[in-house]
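Let us walk through this structure, from the whole model down to single residues. Keep the view open as you read.

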Amino acid sequence: MLLLSLVPAVWIGLRALGWFDGLGANPIEKLLELSGTHAMIALLIALAVTPLRQMTGLAWVTRLRRMLGLVAFGYVTAHALIWLGLDLFFDWELVLYDLTERPFVMVGFAAWVILLALAVTSTDGAQRRLRKKWVWLHRGVYVAGVLAILHFLWLARADYGEVAVYAAILAFLLGWRVVYSWISARRVRARRAATAS
Amino acid sequence: MLIRTRRRSDPARSEITPKAIYQRRREFLRVGVGLGAGVALGGLGMSAPASAALRGFELDFEPGDFSTDESKTPYDEVTSYNNFFEMGPGKSDPKTYADQLKTDPWTVKVDGLCDNPGEYAVEDFISPWSLEERIYRMRCVEGWSMVIPWIGFELNRIIEKAEPRGDARYVAFESIYDPDNLRGQRRRPASSGGLQWPYTEGLRMDEAMHPLTILAVGLYDEVLPNQNGAPIRLVVPWKYGFKSIKSIQHIRFVEDEPPTLWNQAQPDEYGFYSNVNPDVDHPRWSQRTERRIGEFRRRRTEMFNGYGDEVASMYEGMDLTEYF
C-alpha cells in the first residue's frame, strides 16, 4: 500500500527527468500543479478511510489510516517545498509577501501547519498521552481539507471543473460523518431508553 | 483545405532540416507562390504552415523598430504553452486542439464610426502592408513571460485606412464564435467562470494608434499557427497578454469603452486597461515578479513591461490603481 501511494511521486519524478513528455515549457509551475493535485487526492483518500469502515464494516482499513495520513502530509510538504525552494527560490521577501498578502497561499500554508501538527502527534505514544485531546486535535484534518479546497479554488482562473469534483467528494465525506454520528447517537439514546424501562 | 498541426511525435523542423536550407526556406516559398504553393510545399516534403487561410502566403518581412535584443523564447515553447480558452483552460490545450480552429475562409470586417468601412478576405486585408519583425516581451497576467518574434504591421495603418470619425474614441475587437468546433466555447458557465463568447477586447484610440501596437500574422518566420491566434491577432506588448486578442474577425470603432471578455467575467480582477504594473497586484496573486519561460529564478516585473519610455505619457495624470 505504501509502495502504491508512492507511484504518483515516482511518476512526477520521472517526468521531471524528461520522461512521459517531461514537464513542458514551465516546469516549475507544472511541478506545483502535479504535486498539488496529488496532495489533494492523497488527503481525500486519507479522509475516506473512516467513512469506508463505517459503510462496509471492514475493520482492517483503519490500520491504513495513519500511513495514508502521513502520505498525504508528505505530498503536501513536497508541494510546499517546491513552492519555497523552486518557485520562489528561498526569496524570503517574496515568501513573506505571499504569506501575508495572498489569501490562497495563507490558507494553503495553514493547511500544511495543521497537517504538520497531526503528523507529529501521529505516534502511539502521543495518542496515549493526549487521550481525548488527540481525538479533538485530529479532527483538524477536516479543517485542513476545507482549507485545501479554498486554496485550489482561489488560484483557479476560469476553470472550476476539477476543484468542484474535489469539493463534492470532500462534502460527501464530511456529510457522511455528520449523518453517521447523528444516527449512532440516536441508537445509543434508544438503547439507553430501552435499558432504563 | 486541411489544417495540419505538428504532432508531438513529429520532430521539430529545425531538427530535420540542415540550418542553411532551413534559412533559405523563404526563397523556396517565394518560388512556391509562383508555381502554386501547394505543389511547392508538397514537393519539398515540408509540413504546411498551420494556418490554412494563409497557406503559401509569403512572409517577406524586414526587421522592425522597437525590437528587444533579449534572447527569444524557442518556437516550440511559444507554440506549446499559452492560453487560448476557446480550446480549453489548460496551457497545452491550444496546441492539442489547434485543429478545432477553422481559419479558411476568414474575413475581417472593419466598421462602426468610420467613413471607410469594409469587409476583406484576410489575404486582401494583409497584402497592402509591408511586414515587419517585432521582437517583443510578452507578460501574461498569470506571472510568466516570453520573448516572441512577431511578424506583422502597425494597427494604425488599418485605422487610418478606415478613416474613423471624430466621435470614435475606442476600438473594439471580436474573435471567432464557433462552439460547434471550439470545445472551450461549449464549457458550462459554472465551470468556466462565466466567460461570454466570443472573445472581445478593446483599446483606447491613442493606444490603438500607438506604433508599438501591431496586428501579427506570423511568428518566427512562419504564418501564425492556429494555437497562437491564426490568421491574424493583436499584439500590445505593454499590456498583459490577454489584451492581445487572437483570431480577429471584427474591428469596430465606438464612442464608449467597449465590453471585454475578462473584464466582464471578473471586473475586480481584470481591468479594461490591464497595463503591466508590478505595483498593482491581481487580487489573488502578486504581479511583482514573473518567470521568463526557460529561466529558473523569477525576475522582477517592469512597469509597462519595460515599454514605459514609449507609452507612459498616454497615462499621465491617471490613477493606475483605479484604472488598472
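Predicted model: local features only at pLDDT ≥ 70, side-chain atom pairs only at ≥ 80, totals over all residues.

In chain B the mean pLDDT is 86. Of the residues of chain B, 82% reach 70 or more. Where does pLDDT stay under 50 in chain B? One such stretch is residues 1-8, for which the model has 17 contacts beyond four places in sequence. Another is residues 10-50 of chain B, where the pLDDT is below 50. Beyond near neighbours in sequence, residues 10-50 have 39 contacts in the model.

Turn to chain A. Its secondary structure comes to 10 helices and 0 strands. Along the sequence the pattern reads α-α-α-α-α-α-α-α-α-α. The C-alpha atoms of chain A fill a box of roughly 70 × 40 × 35 Å, taken along the principal axes. Chain A has 197 residues, and 25% of them count as buried. Take the contacts in chain A with a separation of 6 or more: 61% of these are between residues 24 or more positions apart.

Now look at how helices pack in chain A. Two packed helices are described by the angle between their axes and the distance between the axes. Start with helix α3 (residues 27-56) of chain A and helix α10 (residues 161-196) of chain A. They pack at an angle of about 30°, and their axes are 10 Å apart. An angle under 35 degrees counts as roughly parallel, so α3(A) is roughly parallel to α10(A). The crossing of these two helices, α3(A) and α10(A), is left-handed.

Which residues meet there, between α3(A) and α10(A)? From α3(A) come A:M40, A:L44, A:L47, A:A48, A:P51 and A:Q54. They meet A:Y166, A:I169, A:L170, A:L173, A:W176, A:R177 and A:Y180 in α10(A). By class, the contact of α3(A) with α10(A) divides into 11 nonpolar residues, 1 polar and 1 charged.

Helix α3(A) also packs against α4(A). Here the angle is about 160° and the axes of α3(A) and α4(A) are 8 Å apart. Angles over 145 degrees count as roughly antiparallel, so α3(A) is roughly antiparallel to α4(A). The crossing of α3(A) and α4(A) is left-handed. The contact of α3(A) with α4(A) has 18 nonpolar, 5 polar and 2 charged residues.

Stay with helix α4 (residues 65-87) of chain A, and find A:G74 in it. Is A:G74 buried or exposed, or partly exposed? It has 18 other C-beta atoms within 10 Å. A residue needs 20 or more to be buried, and 12 or fewer to be exposed. A:G74 is therefore partly exposed. From A:G74 to A:G18 the separation is 56 residues in sequence and 23 Å in space, C-alpha to C-alpha.

Chain B comes next. There are 12 helices and 13 strands in chain B. It has 324 residues, of which 44% count as buried. Among its contacts between residues at least 6 apart in sequence, 71% join residues at least 24 apart.

One residue of chain B gives a local view. B:S175 lies in strand β6 (residues 170-175) of chain B. B:S175 counts as buried, because 24 C-beta neighbours lie inside 10 Å. What does B:S175 touch, leaving aside neighbours within four places in sequence? The residues in contact with B:S175 are B:P198, B:Y199, B:I245, B:K246, B:S247, B:I248 and B:Q249. B:S175 and B:G229 are 54 residues apart in sequence, and 9.4 Å apart in space from C-alpha to C-alpha.

Last, bring the chains together. The contact takes 21 residues from chain B and 19 residues from chain A. On the side of chain B that touches chain A, the elements giving two or more residues are α9 (189-192) and β12 (289-292) of chain B. The largest share of that side, 3 residues, comes from α9(B). By class, the side of chain B that touches chain A has 9 nonpolar, 7 polar and 5 charged residues.

Conventions: Residues numbered from 1 in each chain as written. Chains lettered and ligands numbered in written order. pLDDT = per-residue confidence, 0-100. Contact = placed C-beta atoms within 7 Å. Helix = DSSP H or I, 4+ residues; strand = E, 2+ residues; numbered from the N terminus. Nonpolar A, V, L, I, M, F, W, Y, C, P; charged D, E, K, R; others polar. Axes fitted to C-alpha atoms, helices over the stretch in contact; angles between N-to-C directions. Parallel < 35°, antiparallel > 145°, perpendicular 65-115°, else oblique. Left-handed = near helix turned anticlockwise from the far one by under 90°.
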